[in-house]
Amino acid sequence: MKTDLSQKLFARAQQLFPGGVNSPVRAFKGVGGTPRFISRGRGSHMWDVDGNEYVDYVGSWGPLILGHCHPDVMREVQEAMKAGASFGAPSPREILLAEVVQARMPWLARMRFVSSGTEATTAAIRLARGFTGRDDFLKFDGCYHGAGDPLLVKAGSGVETLGLPDSPGVPADLARHTLTLPWNDLAAVERLFAERGGTIAAVITEPVVGNMGVLVPRPGFLEGLQALCTRHGALFIVDEVMTGFRLSAGGACGLYGLRPDLVTFGKVIGGGLPVGAFGGRADVMDRIAPAGPIYQAGTLSGNPMAMAAGKATLERLDAAGYARMEALSARLAEGLAAEARKAGVAVQVNRVGSMLTVFFSGEPVFDAQSARKSDAKAFGRFFHAMLEGGVYLPPSQFEAAFVSVAHTDEDIDRTIAAAGPAFAASKG
Ligand code: KE4
């Protein structure tokens, strides 16, 4: 596969950006080799600067649930642009998107738009601390909630891929207020609350983990967290940045019947443009400035173009689209598992809806510790063989692949066909 131009651009990029990228997971550190510089996308496909075409299972790490360059999204963004890119003042478009969100999650009494998932989760933690007057909060080993200081403790995604236990630069005085436990272990959370429930401001979790690769919640785990928070006066925060509007119209909360005190969004809610959001109970959210004293702000929050992209995206996610993603994703998961069996490679294919991960492990993967037992080098060989076969997977064993409504049966067939030789190549 020709990669001359990507290599030349990567050399230039390394003179400009740390590691040559503007977000670590893009650097192929988890799989080796040269990251592909992408020139354009269309539907479920994208092309790199050397002209190589790929079936895209990253979809900008989740936002492009309708695929690249959906005509309706492009039209709506262009309309918004013609009226003005940004006003720094309230505009109707933020109300229109918020009402589309609330129609899908009626329990979301108040929300605030921001420009990234990190802003959303960082604000939610600050709000929970301000509302409860407590400083400690609980997150789980391997869950990634963005690059905000309090959350860069035992995080997943790029932090896990790069093997950074916790990021330097986060003061120990701050990190000590971030409690961590293994995910999917409700008994451990019960013990922690029994010991110090009165000091815990919040529990934050990915409802389905995507940032250690896909981890599936055990029956009762999420509901158990919610009940413990209620019992001990802590806020339950569900981080739907990756799962929101993807796992169902009502997100993972809709799928699992959760009613958290706060929820965070990103990715799909902006349809590829920078949007994050946090929201939930009115009595909690109304402590946010200017309604209350807890400060949060952002120059481009509620940006009209981004609001237009988000609204156009959510409005086109209908029952048929979710059914399509489910059918394609199920067939993909089964096909990959079958090809691995044929090649004699032990894998676990974890999937919830249109999020899936092939773990190179012979053991079930249900938390960060079991995920870490996977053979990341074998995954790297598999990844590159798939790339050569025209299939662009997330460049890390500890990430989720995404199916969009734009993917086709031919895409799935092509991916399964490429997997046979790729599993053989994974053996090294
Ligand atoms: P952003 O700040 O990257 O918009 O969102 C942070 C975030 C928060 N919560 C969850 C559950 C997330 O998955 C993310 C971001 N996910 C990664 C992919 N694993 C974004 C890709 C990247 O870091 O470049």
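**Entry 1. Backbone.** I began with phenylalanine 28, which lies in the loop between α1 (4-13) and β1 (38-42). The model is predicted, and I read every value below as computed from it. Phenylalanine 28 is not a glycine, yet I find a positive phi of about 65 degrees there.

I then looked up a cis peptide bond, and it joins alanine 289 and proline 290. Its omega is about 5 degrees. I placed proline 290 in the loop between α10 (282-285) and α11 (304-315).

**Entry 2. Ligand.** Which residues come nearest the ligand? I noted Ser23, Thr118, Asn211, Asp239 and Glu399, out of 17 residues around the ligand. I sorted the shell by class and got 8 polar, 5 nonpolar and 4 charged residues.

I went through polar atom pairs next. Serine 23 has a polar side-chain atom 2.6 Å from an oxygen atom of the ligand. For serine 157, an N or O atom in the side chain is 3.1 Å from a nitrogen atom of the ligand. The ligand exposes 540 Å² when taken alone, and I noted that the protein buries 87% of that.

Why do I write that the ligand lies between domain 1 and domain 2? I write this because both domain 1 (4-69 + 318-426) and domain 2 (71-315) give residues to the shell around the ligand.

**Entry 3. Second largest pocket.** I looked up the second largest pocket and recorded about 510 Å³ of space in it. Its lining has 25 residues, and those nearest the centre are Glu94, Arg112, Phe113, Ser301 and Gly302.

Which element gives the largest share of this lining? I found that α3 does, with 4 residues. I also noted that α3 (92-104) and β4 (110-114) each supply at least two residues of the lining of this pocket. By class I have 13 nonpolar, 9 polar and 3 charged residues in the lining of the second largest pocket.

**Entry 4. Cavities.** How many cavities of 30 Å³ or more are there? I count 2.

The largest cavity holds about 150 Å³ of space. I listed 17 residues that line the largest cavity, with Leu356, Thr357, Val358, Leu393 and Ala401 the closest to its centre. I traced at least two residues of this lining to each of α12 (319-343), β12 (355-359) and α14 (376-388). The classes in the lining of the largest cavity are 12 nonpolar, 4 polar and 1 charged.

For the second largest cavity I have a volume of about 70 Å³. I found 15 residues lining the second largest cavity, and the closest to its centre are Asp56, Gly59, Leu64, Ser404 and His407. Sorted by class, the lining of the second largest cavity has 8 polar, 5 nonpolar and 2 charged residues.

Terms used: Residues are numbered from 1 along each chain as its sequence is written. This is a predicted model: local features need pLDDT of at least 70, side-chain atom pairs count only at pLDDT 80 or more; totals for chains, interfaces and linings use all residues. Side-chain values use heavy atoms; hydrogens and water are left out. On a 1 Å grid over the protein atoms alone, a cavity is a set of points where a 1.4 Å probe fits but cannot get out, and a pocket is an open set with protein on both sides within 12 Å along at least five of seven lines; lining residues have an atom within 4 Å of a point. Grid points are joined across faces, edges and corners, and a volume is the space filled by probe spheres set on the points. Ala, Val, Leu, Ile, Met, Phe, Trp, Tyr, Cys and Pro count as nonpolar, Asp, Glu, Lys and Arg as charged, and the others, Gly among them, as polar. A residue is near a molecule or strand if one of its heavy atoms lies within 4 Å of it. A polar contact is a pair of N or O atoms within 3.5 Å; within protein, one must be able to donate a hydrogen and the other to accept it, and residues adjacent in sequence count only if both atoms are side-chain atoms. Accessible areas come from the Shrake-Rupley method with a 1.4 Å probe; for residues, only the protein chains shown count as cover. Domain bounds come from an automatic or database domain assignment.
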